[in-house]
Amino acid sequence: MSDIQLLPGAAKRVTQIAEKLGKQAMLRLSVEGGGCSGFQYRFGLADSIEDDDKVAECDGVKLVVDEISLDLVRGAAVDFVESLGGASFQVTNPNAASGCGCGSSFSV
């Protein structure tokens, strides 16, 4: 799927988390209303792939996004970033008109 990308740093981190929890290496990205900018990203390990999900893959790890969320993140890239402020999954979203300082919410 070229609608969204899972970058190697994120794939590696998902693999580490999944191995610790004894789960499949599948990361689900969803977008919900809320956050300080209007929409917020939610991440979690996916247990299954639903019929309307779109899937991207990197290094054997799957990124799963539902169709509604995909409309808001189409063309985005998901990475795992470590900095002095902490470590987190981050979305580089070309559809976001603005975002907040924490990087977990955005507006379109």
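Reader: Which residues have the most contacts inside the largest nonpolar core?

Author: In this predicted model, the residues with the most contacts inside the largest nonpolar core are Ile4, Leu6, Leu29, Leu63, Val73 and Val78. That core has 22 residues.

Reader: And which elements give two or more residues to this core?

Author: Both β1 (4-6) and α1 (8-21) do, as do β2 (26-33), β4, β5, α2, β6 (76-83) and β7 (86-92). As background, nonpolar side chains tend to be buried together in soluble globular proteins.

Reader: What does leucine 6 touch, leaving out residues up to four places away in sequence?

Author: Leucine 6 touches Ala11, Leu27, Cys58, Val61, Lys62, Leu63 and Val78.

Reader: Let me step back. How many helices and strands does the protein chain have?

Author: There are 2 helices and 9 strands. Along the sequence they follow the pattern β-α-β-β-β-β-α-β-β-β-β.

Reader: How much of the chain is buried?

Author: Of the 108 residues in the protein chain, 35% are buried. The chain exposes about 6000 Å², and carbon and sulfur atoms supply 47% of that area.

Reader: Now β4, please. How does β4 pair with β5?

Author: The two strands pair in the antiparallel sense, over 6 bridges. In this pairing, glutamate 57 stands opposite lysine 62 in β5.

Reader: What lies between β4 and β5?

Author: The two strands form a hairpin with 2 residues between them. Aspartate 59, in the turn, has a positive phi of about 50°.

Reader: Where is aspartate 53, and is it buried or exposed?

Author: Aspartate 53 lies in strand β4, which covers residues 53-58. Its relative accessible area is 10%, so it is buried.

Reader: Which side chain does aspartate 53 meet in a salt bridge?

Author: The side chain of aspartate 53 meets that of arginine 28, at 2.7 Å from N to O. Because aspartate 53 lies in strand β4 and arginine 28 in strand β2, the pair ties together parts that are 25 residues apart in sequence.

Reader: Which backbone nitrogen lies 2.7 Å from a polar atom of the aspartate 53 side chain?

Author: That is the backbone nitrogen of glutamate 50. Leaving aside neighbours within four places in sequence, aspartate 53 is also in contact with residues including Ser48, Val64 and Val65.

Reader: How many salt bridges does the structure hold?

Author: The structure holds 6 salt bridges. One of them joins arginine 74 and aspartate 3, with the closest N and O atoms 3.2 Å apart.

Reader: Why does that pair tie together parts that are 71 residues apart in sequence?

Author: Arginine 74 lies in the loop between α2 and β6, while aspartate 3 is in the segment before β1, so the pair ties together those parts. Arginine 74 counts as partly exposed at 35% relative accessibility, and aspartate 3 also counts as partly exposed, at 24%.

Reader: Which other residue does arginine 74 meet in a salt bridge?

Author: Arginine 74 also meets aspartate 71, at 3.0 Å from N to O. Aspartate 71 is exposed, with a relative accessible area of 54%. Salt bridges that share partners join Asp3, Asp71 and Arg74 into one network.

Reader: One last topic. Where is serine 69, and is it buried or exposed?

Author: Serine 69 is in helix α2, residues 67-73, and counts as buried at 3% relative accessibility. Its side chain makes a polar contact with the side chain of aspartate 66, at 2.8 Å. Not counting residues up to four places away in sequence, serine 69 touches Leu29, Ser30 and Val31.

Definitions and conventions
Residues are numbered from 1 along each chain as its sequence is written. This is a predicted model: local features need pLDDT of at least 70, side-chain atom pairs count only at pLDDT 80 or more; totals for chains, interfaces and linings use all residues. Side-chain values use heavy atoms; hydrogens and water are left out. Helices (H or I, at least four residues) and strands (E, at least two) are DSSP runs, numbered from the N terminus. Buried means under 20% relative accessible area, exposed over 50%, partly exposed in between (1.4 Å probe, protein chains only). A polar contact is a pair of N or O atoms within 3.5 Å; within protein, one must be able to donate a hydrogen and the other to accept it, and residues adjacent in sequence count only if both atoms are side-chain atoms. Contact means heavy atoms within 4.5 Å. Two strands pair if DSSP finds at least two bridges between them. Accessible areas come from the Shrake-Rupley method with a 1.4 Å probe; for residues, only the protein chains shown count as cover. A nonpolar core is a set of buried Ala, Val, Leu, Ile, Met, Phe, Trp, Tyr and Cys residues joined through side-chain atoms within 4.5 Å. A salt bridge is a side-chain nitrogen of Lys or Arg within 4 Å of a carboxyl oxygen of Asp or Glu.
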